[in-house]
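Biologist: Could you walk me through this fold, and tell me how you know what you say about it?

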Amino acid sequence: MPATLDAHPRPETVREDDLAPLVFFYGIGSARPRVTFVEPDELPEHERWFLVHDIDMTPRLREGHGCEIDLDVHARARIGNYLVRASVLNRRSDGKPVEFGAIGIHLDLLPEEAQALVIEGRVPFGAILERYQVAHSSHPRGFFRIAVDARLAELLGATSGQILFGRCNELRHASGRVLADVVEVLPRGM
């Protein structure tokens, strides 16, 4: 299902806020790769299929790669009921990376067992939402291209300076509260 964005362009300061989970990964005030927001039709066809929709990314990756998806957490921090982490999602079939994800999760909106799984960090968040049937919706905030640095390139099997594509997404709980803020970056040609 194609995703639609707000018809009114968002100021750059707001768009920078959408990148907060990625800023966490690099450290506040630290240098990070340059991100340029683009319209959905500016994405390459392959990346557009994976990114431009309003469903969770885990089932989309599972469908697109034809196998289960595993989680590899690279950084994590918790402030009260807010957990931020940076992870790589890998194909179970061959271990190849299929996404870098930086996510901030409001744990208090999840059942206790789901909270424990999120904290454990072995199951992708989308799979946890499916397992516990957490009512929510997905709202892409924007799409971007990013010239990855050596750190992201190593995680995604890319080359430093390579242009990759991604999206900022907001998951909303059925209560209307923000359940998670997500920044997702895809490797090329996967």
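Predicted model: local features only at pLDDT ≥ 70, side-chain atom pairs only at ≥ 80, totals over all residues.

Biologist: What makes strand 5 and strand 6 a pair?

Modeller: Pairing takes at least two bridges. Strand 5 (residues 136–147) and strand 6 (residues 163–173) have 11 bridges, in the antiparallel sense, so they count as paired.

Biologist: What is the order of the strands in the sheet?

Modeller: The 7 strands run 1-5-6-7-4-3-2 in an open sheet with antiparallel pairing. Strand 1 (35–38) and strand 2 are called edge strands because each pairs on one side only. From one strand to the next, the twist averages 25 degrees.

Biologist: Which residues of helix 5 are buried?

Modeller: In helix 5 (residues 112–120) they are Ala114, Gln115, Leu117 and Val118.

Biologist: How do you know on which side of helix 5 they lie?

Modeller: Their arc around the axis is only 165 degrees, which puts them on the same side of helix 5. The face turned away from that buried side carries the exposed Glu112 and Glu113.

Biologist: What covers the buried residues of helix 5?

Modeller: The cover includes strand 2 (69–79), strand 3 (82–91), strand 4 (97–106) and helix 6 (125–131). Helix 5 lies across strand 2, strand 3 and strand 4, at about 95 degrees to strand 2.

Note on methods:
Residues numbered from 1 in each chain as written. Heavy atoms only, no water. Buried < 20%, exposed > 50% of the residue type's maximum accessible area, 1.4 Å probe, protein only. Helix = DSSP H or I, 4+ residues; strand = E, 2+ residues; numbered from the N terminus. Arc of directions from axis to C-beta. Contact = heavy atoms within 4.5 Å. Axes fitted to C-alpha atoms, helices over the stretch in contact; angles between N-to-C directions.
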